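Biologist: I have not looked at this one before. Can you take me through it?

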Amino acid sequence: MNRDGYDDLVVRAAEGTGKASVVLGGPDGPTRTGTTLPSGIDVALGRFGRGAALDAAVGGMGETSLRYDLPTPTRATLASAGSMLDAADFDGDGLSELVSSGSRLRVFRGRTTGLSASDVVILDPKARGTTRVLSVGDFDGDGRADLAVRTYLGETKDTVAVYPGARKTLVSRKPAVTFSSSEFLTDD
Ligand SMILES: [Ca+2]
Ligand SMILES: [Ca+2]
Ligand SMILES: [Ca+2]
């Protein structure tokens with residue numbers, strides 16, 4: 001993440017709300033501890049903005065802590081609780097968007113000035129139930145990341161929806177595909 005050609009790691013102490021460390025890779029493997037991130041529920045790394053270096057978002061119950069340009073980051077906060085975080089470039093501009101979920105599904109736009117609580121797209125899946133991000137990735141190969149979410153009600157009823165990445169609205173308002181994973185189950 002400091003672009004020295006070695007892979008860097010984010011190390012979590014444990015599941016839960018422990019502190020995470022970013023460990024910098026080097027010629028002898030990942031040995032140098034670069035940055036200790038604040039405590040939080042989830043961590044996402046991406047290029048959210050400001051300098052060219054990688055940034056970290058750490059979700060908390062009240063707000064999301066931002067660390068721009070690791071490993072010697074600038075601190076900032078995003079006024080948004082985020083218990084589950086993902087990062088991907090949905091509009092294809094080279095900067096990562098931050099997906100914050102847990103209660104509502106929000107996509108914050110990556111911008112050269114950094115993330116802003118006012119530059120956000122709220123996604124409201126039609127299906128009833130609890131929605132979780134299943135996966136982010138460019139499933140249709142158009143260069144923009146796409147968002148797959150699963151909304152479930154109880155243990156057997158669920159809907160998976162794939163929202164294609166979009167240039168202006170970050171993700172399409174309507175899913176390209178919806179299906180139930182129970183379609184793949186057989187009851188023999
Ligand atoms: Ca950055
Ligand atoms: Ca982007
Ligand atoms: Ca795509």
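This is a predicted model: local features need pLDDT of at least 70, side-chain atom pairs count only at pLDDT 80 or more; totals for chains, interfaces and linings use all residues.

Biologist: Which elements have the lowest and the highest mean pLDDT?
Modeller: Strand β1 (residues 9-12) has the lowest, at 62, and strand β15 (residues 165-166) has the highest, at 98.

Biologist: How many helices and strands are there?
Modeller: There are zero helices and 17 strands. The chain has 188 residues, of which 34% are buried. Of the contacts between residues at least 6 apart in sequence, 37% join residues at least 24 apart.

Biologist: Which residues have the most contacts inside the largest nonpolar core?
Modeller: They are Ala57, Phe90, Leu98, Val99, Val107, Leu147 and Val171, in a core of 34 residues. Take Phe90: beyond four places in sequence, the residues Phe90 touches include Val107, Leu147, Leu170 and Val171.

Biologist: What holds strands together in a sheet?
Modeller: Strands pair through backbone hydrogen bonds, in a parallel or an antiparallel way.

Biologist: And how many bridges join β8 to β9?
Modeller: Five, and the two strands run antiparallel. Ala88 stands opposite Glu97 in β9. On to the next pair: β9 (residues 97-101) and β10 (residues 105-108) are antiparallel over three bridges, and Ser100 is opposite Arg106 in β10. The hairpin of β9 and β10 has three residues between the strands, and Gly102 there has a positive phi near 130 degrees.

Biologist: Why is β9 called largely enclosed?
Modeller: Because five of its five residues are buried. Glu97, Val99 and Ser101 point one way from β9, Leu98 and Ser100 point the other way, and all are buried.

Biologist: Pick Ser101. Why does Ser101 count as buried?
Modeller: Ser101 has 22 C-beta neighbours inside 10 Å, so it counts as buried; the cut-off is 20 or more. Leaving out neighbours within four places in sequence, Ser101 is in contact with Met84, Thr131, Arg132 and Val133.

Biologist: Is Val133 buried or partly exposed?
Modeller: Val133 is partly exposed, because 18 other C-beta atoms lie within 10 Å. Val133 is in strand β12 (residues 130-137). Apart from residues up to four places away in sequence, Val133 touches Met84, Asp86, Val99, Ser101, Leu147 and Val149.

Biologist: How far is Val133 from Arg150?
Modeller: Their C-alpha atoms are 6.3 Å apart in space, and the two residues are 17 apart in sequence.

Biologist: Change of topic. How do β6 and β7 pair?
Modeller: Strand β6 (residues 64-68) and strand β7 (residues 74-78) pair in the antiparallel sense, over five bridges. Arg67 has Arg75 in β7 as its bridge partner.

Biologist: Which residue in the turn has a positive phi?
Modeller: Asp69, at about 65 degrees; the hairpin of β6 and β7 has five residues between the strands.

Terms used: Residues are numbered from 1 along each chain as its sequence is written. Chains are lettered from A and ligands numbered from 1 in the order in which they are written. Helices (H or I, at least four residues) and strands (E, at least two) are DSSP runs, numbered from the N terminus. A residue is buried if 20 or more other C-beta atoms lie within 10 Å of its own, exposed if 12 or fewer, and partly exposed in between; C-beta atoms are placed from the backbone. Two residues are in contact if their C-beta atoms, placed from the backbone, lie within 7 Å. A nonpolar core is a set of buried Ala, Val, Leu, Ile, Met, Phe, Trp, Tyr and Cys residues joined through C-beta atoms within 7 Å. Two strands pair if DSSP finds at least two bridges between them. pLDDT is the predictor's confidence in each residue, from 0 to 100.
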